[in-house]
Amino acid sequence: MINGVKPLERSLRWGMVGGGGTSQIGYIHRSAALRDGTFTLLAGAFDIDAQRGRAFGVSLGVPVERCYADFQTMFQAEAAREDGIEAVSIATPNNTHYAICRAALEAGLHVVCEKPLCFSSQEAEELAALSRRQNKIIGVTYGYAGHQLILQARQMIADGQLGEIRIVNMQFCHGFHAQPVEQDNPSTRWRVDPRFVGPSYVLGDLATHTLFLAETMAPMLKIQRLMCSRQSFVKSRAPLEDNAHVLMEFDNGAIGSLWCSAVNSGSMHGQKIRIVGEKASLEWWDEQPNQLRFEVQGEPVRILERGMGYLDALALQDDRIGGGHAEGLFEAWSNLYRRFAVAMDASDRHDEALLKDFWYPDVNAGVMGVRWVENCVRSADNGASWVAFS
Ligand code: NAD
């Protein structure tokens, strides 16, 4: 159980690129990083508009001289300080991730990067190699993956409670962009512009989250081939898709499907995963994150509740409030940032034993997301044909 005791003796000196006052995702990064005292926010290049970023940083309590106009100046100036930052989070539009992540690693910083890590698997592999060379970690914010019930599912599958896995049914389908809302909303505008998001919209923006939930729950499944059909129901978004269906074949003979959409009218978030084994199934839905359905063939449905003593130790270790009270996205993110801090500290101490089996969305998760999107686009643009996963 997490009770406020710090997992580390120190607090990592931390900065942010992006995540400014008008951003969608900046606050949850700060809320998660600051929750357990594992990070202290000391510097930032928070905004594309330097003046606005400085004013925002100061309002957060960051010293004015450490609110920088851009990430290059920040990395250089912080490296020259004895108390310079040790880690940075990148919460900017997607087209900037690669350059900022690369510069951060070169400056000797640990990185927490928004998804997608970059646009091509070649760039992703480069970042992975650089992080290894620099002995710096890259954490990727697949937020809900930090929810305890995801690790509960992982343990139940590892224990064989489902038997051999046959079907992985995934979806992440909201309805917020059923109309061309980007015309009035700057946070949505860049999401449907290939100059900012590269080759995909919902495949990269939404589906990679759910794909990582599946990887976490059933890490033994490896994709052999996939096919993808994608559509731009709001025509002005073409060639970027606002809806896609992906079929995947795994190496054990299992089949997976992933429906991702921003035009699922009426749906709030719609991220669900159902894993079907030969004996039983597990199902989790992010709109009711405190419940995990466990359905054994021929028996009544069991709803496993977060925070209850019957859960696995792996799930209970990240519990913050006990069963009955709702935990959700903010706690899941806090659990991820807590793990990022532990991994950064272990990496600084060269604690290979800790890192060997320590789960968090790491650089490999980032690389996998990029590769998966690349394969989906290749299939979709080739008439929705099957492609070997490469
Ligand atoms: P946004 O457009 O709302 O905000 C972007 C922020 O970055 C703004 O403050 C902007 O001023 C700043 N910015 C832009 N370019 C910059 C630069 N070069 N240097 C410094 N600051 C810069 O975008 P958002 O919705 O907050 O998304 C940001 C990132 O977070 C994207 O990669 C997005 O995919 C990701 N995201 C992830 C999740 C998640 O659940 N993990 C959810 C939403 C968004």
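How far apart do the end C-alpha atoms of residues 154-388 lie, and what share of the span is helix and strand? Those end atoms are 26 Å apart, and the span is 32% helix and 25% strand. Helices (H or I, at least four residues) and strands (E, at least two) are DSSP runs, numbered from the N terminus.

Two remarks on the basis of this talk. The model is predicted: local features need pLDDT of at least 70, side-chain atom pairs count only at pLDDT 80 or more, and totals for chains, interfaces and linings use all residues. Residues are numbered from 1 along each chain as its sequence is written.

I begin with the annotation. An unreviewed UniProt entry labels residues 154-388 "domain: Gfo/Idh/MocA-like oxidoreductase C-terminal". UniProt positions are given in the numbering used here, feature names are shortened, and annotations may be inferred rather than shown by experiment. Over residues 12-142 the chain is 41% helix and 20% strand, with 21 Å between the end C-alpha atoms.

The domain assignment, whose bounds come from an automatic or database source, gives domain 1 (12-143) and domain 2 (145-321 + 366-388). Their centres, taken over C-alpha atoms, are separated by 27 Å. The contact takes 19 residues from domain 1 and 20 residues from domain 2; two residues are in contact if their C-beta atoms, placed from the backbone, lie within 7 Å. On the domain 1 side, helix H5 (121-134) and strand E5 (138-140) are the elements that give two or more residues. H5 gives the most, with four residues. The residues of that side divide into 11 nonpolar, six polar and two charged. Here Ala, Val, Leu, Ile, Met, Phe, Trp, Tyr, Cys and Pro count as nonpolar, Asp, Glu, Lys and Arg as charged, and the others, Gly among them, as polar.

Let us stay with H5, where Ser131 is placed. Is Ser131 buried or exposed? Ser131 is buried, because 22 other C-beta atoms lie within 10 Å; the cut-offs are 20 or more for buried, 12 or fewer for exposed, and partly exposed in between, counting other C-beta atoms, placed from the backbone, within 10 Å of the residue's own. Leaving aside neighbours within four places in sequence, Ser131 is in contact with Leu105, Lys136, Ile137, Ile138 and Val363.

In the loop between H5 and E5 lies Asn135. Asn135 has a positive phi near 55° in a residue other than glycine, and is exposed, with 12 other C-beta atoms within 10 Å. Ala384, likewise not a glycine, has a positive phi near 55° and lies in the loop between helix H13 (363-380) and strand E14 (387-388). With 16 C-beta neighbours inside 10 Å, Ala384 is partly exposed.

There are also cis peptide bonds to report. The bond from Lys115 to Pro116 is cis, with omega near -15°, and Pro116 is found in the loop between strand E4 (110-113) and H5. The bond from Ala238 to Pro239 is cis as well, with omega near 10°; Pro239 lies in the loop between strand E7 (223-231) and strand E8 (243-250). As background, most residues other than glycine have a negative phi, and most peptide bonds are trans.

Finally, the ligand. The shell around the ligand has seven nonpolar, 11 polar and four charged residues. Of these 22 residues, Gly18, Gly20, Ser23, Gln24 and Ile25 come nearest; a residue is near a molecule or strand if its C-beta atom, placed from the backbone, lies within 6 Å of it.
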